[in-house]
Every structure is written in structure tokens, then in C-alpha cells.
Amino acid sequence: ALFAGVEQHHMVLDLCAAPGSKTSQLLELLVGQRSKMGGTDPCPAGVVVANDLSAKRGYMLVSRLHHHATSCLAVTNHDSTVFPAIHLPDAAGKYKRLAFDRILADVPCCGDGTLRKQPHGWRTWHAQMGVQLHPTQLRILRRAVSLLKVGGTLVYSTCSFNPLENEAVVASVIAAAAGGLKIVDASDRIPELKRRPGLTTWKVPSKKGEYFASAEEAAQVKTGVRPSMFPPSNILELGLERSMRFLPQDNNSGAFFVCVIEKLSAVPWENFGTVDESGDFLEREVREVQEEDMPVPEPEPNSQSIAAKAKAKFPPKKDKKHRDPADFPTTPAPEETVCGKVFLKSQGDYVDLASQNEGPDIVSSMAAKYGINAAPGILVTRGGEQPRKIMFASAGVARLLECRSVHALKVLHAGSPAIEKMSGGGGSQYRLCSAGLRWTVPTGAAAPCLMNLDLGSMAKVLSAACETRKTGWLKASEWAPALAEAPPGLILLRCAAPAGGAFTVPAYKGIS
């Protein structure tokens with residue numbers, strides 16, 4: 001992530017995001033760039049889209065990023081090899097394809113670069129892992145290049161030593177791009193890390209333990225390896241020496257491979273289809289045919305396998321443990337639209353809270369108590385008329401939620417928690433979430449449950465009140481009248497920071 005050169009206005013895609021360490025770095029870079037530029041709007045214009053194939057790992061990523069600035073984060077659940085093309089409305093309401101400014105592809109690999117800290121990995125490691133993973137890694141990189149903006153930067157990385165997962169993948173894509181891609185010299189970035197240049201020669205192993213130096217040599221024997229695994233004939237012209245290998249003995253760390261790629265022009269395999277001004281697809285995206293996607297020949301009409309004949313002659317007995325699925329009543333699945341807004345069958349769409357019946361009442365009550373203001377973005381929810389949790393989404397994420405895609409974009413999470421429903425005895429009462437205070441409560445806000453303290457008073461609250469639990473001194477403080485007028489429940493303590501800006505601390509006022 002540190003090699004990507006992220007700026008605060010960039011649309012960033014992390015194709016293989018879980019468990020979340022890279023995504024957290026991207027968020028820090030995005031928000032950090034905004035902080036350096038100053039301004040009253042705390043939300044950066046850019047967005048980080050963190051994608052993972054596993055929904056379980058995606059939700060784990062969300063929980064790990066709970067305390068980060070997630071208002072500009074959207075977590076999706078897609079296969080990285082076929083991540084859908086996204087079309088967003090522009091200022092005039094016309095839909096155009098989104099091309100990402102920065103893409104990070106830390107692809108699945110054999111992980112032999114981490115064996116130093118995970119020695120148990122030797123039990124499952126074998127020399128054919130690179131051969132098995134190479135096709136998937138190649139498809140991920142090709143898809144990442146398709147989604148990248150011309151002039152944008154893509155970082156391809158693994159935690160593997162194997163050149164079949166590193167240089168072979170990069171060389172195959174660069175050679176097929178016909179001059180549309182180039183490897184960037186990133187030797188001046190993070191100079192403290194010792195690195196070695198990428199390889200230009202390597203051999204490919206077969207299942208029998210043979211090693212081949214060229215595709216022609218391997219073609220004479222049925223090896224199962226692919227031509228893309230071998231160094232291309234023009235490998236010296238591709239600039240693979242500008243890719244970087246970080247070895248354990250050089251930095252007292254694990255091993256990893258990093259290659260920074262810049263897109264100079266459109267590549268031959270791009271075909272995203274065409275979209276009219278309303279977002280309807282006039283021409284579908286054509287997915288490139290891979291070797292593993294070739295259709296399997298259908299059997300003859302009257303042919304039947306031996307297993308099928310045996311099953312027909314001796315049908316399995318039904319019992320309570322093994323019942324036929326046809327015995328269970330089923331309800332028809334809802335019809336899926338080919339294109340539409342963000343879609344997730346299990347939880348529904350994210351919608352603007354203002355469009356819900358109780359949405360304006362919830363916002364007005366929170367504004368009266370705490371002075372919230374969602375001007376930099378919008379409040380969204382997916383929980384129906386009485387949502388359990390309301391999220392604050394930055395303007396960039398809110399725009400992303402209006403996208404259209406041939407294959408429905410599956411969003412697991414969007415924005416930062418802002419308001420949640422009280423669980424015990426509160427009816428339909430809501431309270432603010434501490435994670436979203438920096439976005440929803442503006443610096444100059446004034447409200448009954450928002451108290452502005454000086455630095456000394458805030459320090460006294462955080463030290464004396466929190467450690468000793470003795471709060472009698474509060475009644476003699478200069479802001480005791482304001483505290484007495486505040487109703488029981490959540491109150492916000494705001495203090496101006498010495499370096500500029502302000503920070504807010506949530507507190508709870510009891511009845512007594």
C-alpha cells in the first residue's frame with residue numbers, strides 16, 4: 001500500500017483486502033493526505049473499495065477497521081478475477097464507467113515468504129503450489145489492469161519467493177498489453193528497505209520433478225504447465241529488473257515481491273460494454289475466455305454414465321438424517337435484476353435515511369440533542385423503517401451506492417457507524433456512535449448535550465474522573481450549570497486541540 005502513492009481524491013480498489021492491514025494503510029493515507037491539505041471538511045473526496053471473495057473474511061475486515069476513518073470505505077464481496085465494472089452518474093446525471101486511480105492486488109499465493117514466522121507451513125508446502133496458483137493470479141492481474149484508469153498506478157504483490165507467482169505473472173500481462181503498461185522504478189520509495197531486482201530467468205517444474213527452461217521444451221512432454229509461466233522472448237524489454245524482491249536476510253523480516261505498474265493506454269482485452277445516459281446497458285460486458293472456462297462437451301442424448309445407471313437401479317434409502325431436498329418446501333428466490341442499484345440479497349440495499357418514514361424524525365432528534373450535521377456526506381441505512389444502525393457515508397461512498405453494474409455489486413459494509421438504536425428499554429430511541437463523531441458533529445456545533453471544554457478541564461475529566469470515579473468536583477466547575485441542564489444519557493465533551501481542530505469524547509450522565 002505504501003508504494004501506491006495514494007492521494008486524498010483517489011478512487012482506490014483493494015482487490016484482495018482481508019484481513020485488513022493493507023486497507024487500514026490505504027485509509028490512513030487517504031485521510032492523512034486530507035489532513036495535510038487542511039480544510040473544514042474532514043471527509044476526503046476519495047474512496048477505498050476493499051474487496052474479498054469470502055463474505056466471512058469481509059466482515060472480519062470490517063470489525064478490524066472499526067476504529068479507523070471508515071466513512072470513505074466500502075467493503076464488497078466478489079471474485080477478484082471477475083470484479084464487476086461499475087458505472088456512476090456524473091454531474092449531469094449521465095452514467096460513465098468508473099476507472100480506479102489506484103489498485104492494490106495483493107494476490108493469494110503459496111506464502112513461502114512467511115515460513116519464517118509460520119514454520120508449520122512447511123507441512124503443506126510443495127513445489128507445485130506456484131504452478132497451481134499462477135492461472136488465478138494471472139486472471140486477477142488482468143482484471144485489475146482492465147479496471148485501472150489510464151495514467152493510474154497498480155501495485156501487484158505477493159509474499160512468495162516463487163517466480164511463477166511473481167515475475168511470470170507480471171511478464172505475461174506486460175507482454176500482452178502491447179505497450180499499454182510499464183513497470184515503474186520505485187527504488188526511491190521507502191529507501192530504508194533493502195531490495196533486490198526482479199528475475200529475468202527461471203525454470204518451471206512439472207509434477208514429476210522435471211524442470212523446463214522454455215515452453216517448447218515442455219510441449220514435448222505432457223507436463224500441465226502453461227506457456228505464460230515461462231519468460232517471454234522479449235523479457236529484457238519489459239523492465240522486470242524494476243520490480244522489487246524483499247528477502248528475509250536483508251531486512252530481518254518476511255519475504256515479499258512488489259511490482260508497481262503504470263497504465264499508459266487501454267489494453268487489448270478491455271471490453272466493458274456500453275451504457276446509455278440512464279444507466280441501462282446497451283451492450284453487455286464480454287468476459288474474456290480463459291483455458292479453464294472452455295465448455296465441457298455434452299454427453300450423447302442416450303448415453304448414461306455407469307454411476308447414473310447404478311443410482312437409477314439402486315436408489316438411496318430415505319431416512320431422517322439423509323432426506324431428499326425435494327421433500328422440503330421451498331419458496332421461489334426473488335427475481336434478480338440484471339442491472340440496478342447496490343444489491344445484497346440477505347440484507348437489502350443501502351438507502352438514504354431521509355427517504356425512510358422515520359428518517360427525518362431520527363435526524364432532527366439527534367440534531368436537537370447533539371447538533372449533528374451530515375453535510376459532508378449522507379446518512380444511509382439498510383434496516384427498514386426502524387433501522388438498528390445508521391451509517392455515515394462520505395460523498396464519494398454515497399455516489400458509489402448509486403452505481404449500476406451488469407452483475408449486481410454486493411456491498412457488505414459502507415461508511416462509518418453514526419447512530420444506533422438503543423437495545424434496552426429505549427423503544428425507538430437512538431444514540432450516537434463514538435466511531436462517527438468526527439464526521440457527524442461539526443466543530444462549531446452548539447447543543448444541550450454538547451459541552452465545549454478547555455484543555456485543562458478535559459485533562460482533568462480524563463484523568464481524575466475516569467481513574468478515581470470521584471466526580472463530586474464537577475459540581476463546583478464552571479460548566480456545572482450546563483451539565484445540570486443536560487438530560488440523562490449520552491453527552492459529548494469537545495475540546496479544541498492545541499495544533500488546531502478539535503476532538504470529541506463521549507460520556508454518560510446518570511440520573512443521580
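Your model is predicted: local features need pLDDT of at least 70, side-chain atom pairs count only at pLDDT 80 or more, and totals for chains, interfaces and linings use all residues. Residues are numbered from 1 along each chain as its sequence is written, and side-chain values use heavy atoms, with hydrogens and water left out.

**Stop 1: helix α8**

Select residues 359–370, helix α8. Helices (H or I, at least four residues) and strands (E, at least two) are DSSP runs, numbered from the N terminus. At 1.5 Å a residue, the twelve residues of α8 should span 16 Å, and the end C-alpha atoms are 16 Å apart, which agrees. The expected span is 1.5 Å times one less than the number of residues.

Now color Gly359, Ile362, Met366 and Tyr370, the buried residues of α8. Buried means under 20% relative accessible area, exposed over 50%, partly exposed in between (1.4 Å probe, protein chains only). Look down the axis: these buried residues fall within an arc of 70°, so they line one face of the helix. The arc is that of the directions from the helix axis to the C-beta atoms. An α-helix has 3.6 residues a turn, so residues three or four places apart point the same way.

Step just past α8 to Gly371, which takes a positive phi of about 70°.

**Stop 2: the five-strand sheet**

Show the open sheet β16-β17-β18-β20-β21, with antiparallel pairing. Two strands pair if DSSP finds at least two bridges between them. The edge strands are β16 (351–352) and β21, each pairing on one side only. Helix α8 packs on this sheet, touching β17 (377–381), β18, β20 and β21. Next, find Lys421: its bridge partner in β21 is Tyr430. β20 and β21 pair over three bridges.

**Stop 3: the three-strand sheet**

Move to β22-β23-β24, an open sheet with mixed pairing. β22 and β24 (502–509) stand at the edges with a single partner strand each, so one side of each has no neighbour in the sheet. β23 and β24 pair in the antiparallel sense over eight bridges. Select Gly489, which stands opposite Lys509 in β24.

**Stop 4: Thr81**

Finish in the loop between β3 (73–76) and β4 (87–89), where Thr81 is found. Is Thr81 buried or exposed? Thr81 counts as buried, at 11% relative accessibility. Its side chain makes a polar contact with the side chain of Asp79 (3.0 Å). A polar contact is a pair of N or O atoms within 3.5 Å; within protein, one must be able to donate a hydrogen and the other to accept it, and residues adjacent in sequence count only if both atoms are side-chain atoms.

Notes: Contact = heavy atoms within 4.5 Å. Axes fitted to C-alpha atoms, helices over the stretch in contact; angles between N-to-C directions.
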